[in-house]
Amino acid sequence: MRIKSCFTKLAVVLSSVLVAACGSNDEHIVSTSSDCAITNVALGTLYRTMHSTTVAGKDTTYTTNFSGRYFPMSIDQQKLEIYNVDSLPINTHINKTILSITADGSISIRPLNAETDIRFSSTDSIDFSTPRNFTILSTDGTSKKTYKIKMNVHQVESEKFTWNLINKTDNNLKECSQQRSFLNNGYIYLFGIENEKAFLLKASTADELAWEKTEIGNAASFSISSLQSFDGLFYTLANGLLSTSKDGISWNSIQPNLLMDKLVAAGKKEIYGLKDGKLYGSVNGLHWEEQKLDSSFDNFPTDHLSSISFTSRINKDIEFLLLGGTKGKESKLWKKENYFTINEITPWSFCPNTEENKYSLPVLTSLTFLNYDNSQLAIGFQDHNLTPFYLSKDGGLTWIKSKKTYTLPTSLTPPSNYSCIVDSDNFIWLFCGGTGEVWKGRLNRLGFENNSNSFE
């Protein structure tokens, strides 16, 4: 009887539920809103024409693709404009673009050469050769907004290095027999030798080389090769003394505890020099201490020395220095780490040329190192000809001769000597002694407002 009673109660409950369900309104309720806005736009797969050269040396093209999601679309809700901040690579096919749109409301697009909109479909390819209008209609039909979507595309090859001839015959450089240049607070300081006289050329990078020329001494008593820029001062050996200058014109001798035979490098923390076959460093130019080396000084370069310092990409409190040159018919390269926040002294490390490393620093006379695009460049003479740049992306361990990007100007007249600097706008300035040519070049990508995306 108890079991029967339980089944009876359950039947009553189920009957009540069924009756309530049958009596309810079965109509589907749709909510509406007056909101209308595009909240997100994402590009799909994009296609691009690439240029190449066959084995036979003939120009050819091919098509490749890449994800458009690497190029986020920015939405300006005030101006109702949508665009990609990072421009797409040159030769991107924007006439057939797939994109997805997230919006509050229904989406329509105005076809080209039409007066009425059609419904937008994320599977349709769209021609963005010109900006296109997209209209969003609220779900309640009371409001709408029309957005203009534009695709920005680079008009130049981003990874191409473009040179411009600034001066074909600079008489200040034509008779120059030796030179060394620096960049300081937007000004180029070029020290040179002409007819046994040392001179300084100074010009703003913004003035396209309106030089101010000043004679600063006799060549025999002013060492161009020892010139270094350290802690806001120029340093060199002049008249057998260590001398400093704020402006490169007025020089004052100082009395260090040791007089160097040659100044060879400078970083943010120390300046370095050679004395009696030993390497020394100083934090102020007055007190010099011998540097530790992890290898014999016999591996130290003796000629065509150049140095450069750069901050670690990983730790901004670490500075790296490269010091390279030649000894006989071999290249020699040393590297050092300096720490800004801790008092730790590290030795100079020798970077030997080995069979395993086929891309060690090449033998270059009149060697010059440059910091460029988070990498290092090396340039110099080989067989009396100025070489294209060698590129190192690993802090100086390997050096690859640039055959495509970091090339020299095609119409460069071979100089007898040279110097070069990199300015704050990522231009490399090349000053050519013997010819008087002055060239200015930049990797196109580094001239873009936003150069976070690069395509080889």
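How many salt bridges does the structure hold?

1. The structure holds seven salt bridges; a salt bridge is a side-chain nitrogen of Lys or Arg within 4 Å of a carboxyl oxygen of Asp or Glu. This is a predicted model, in which local features need pLDDT of at least 70 and side-chain atom pairs count only at pLDDT 80 or more, while totals for chains, interfaces and linings use all residues. Residues are numbered from 1 along each chain as its sequence is written, and side-chain values use heavy atoms, with hydrogens and water left out.

2. Arg-110 is partly exposed at 31% relative accessible area, and Asp-117 is partly exposed at 29%. Here buried means under 20% relative accessible area, exposed means over 50%, and partly exposed lies in between (1.4 Å probe, protein chains only).

3. A salt bridge also joins the side chains of Glu-330 and Lys-332, at 3.0 Å from N to O. Glu-330 is partly exposed, with 43% relative accessibility, whereas Lys-332 is buried, with 10%.

4. The side chains of Asp-373 and Arg-445 meet in a salt bridge of 2.8 Å, N to O. This pair links distant parts of the chain, 72 residues apart: Asp-373 lies in the loop between strand E28 (365–372) and strand E29 (375–382), and Arg-445 in the segment after strand E35 (438–443). Strands (E, at least two residues) are DSSP runs, numbered from the N terminus. Asp-373 is partly exposed at 25%, but Arg-445 is buried at 7%.

5. Asp-373 and Arg-445 also belong, with Glu-159, to a network of salt bridges.

Terms used:
Helices (H or I, at least four residues) and strands (E, at least two) are DSSP runs, numbered from the N terminus.
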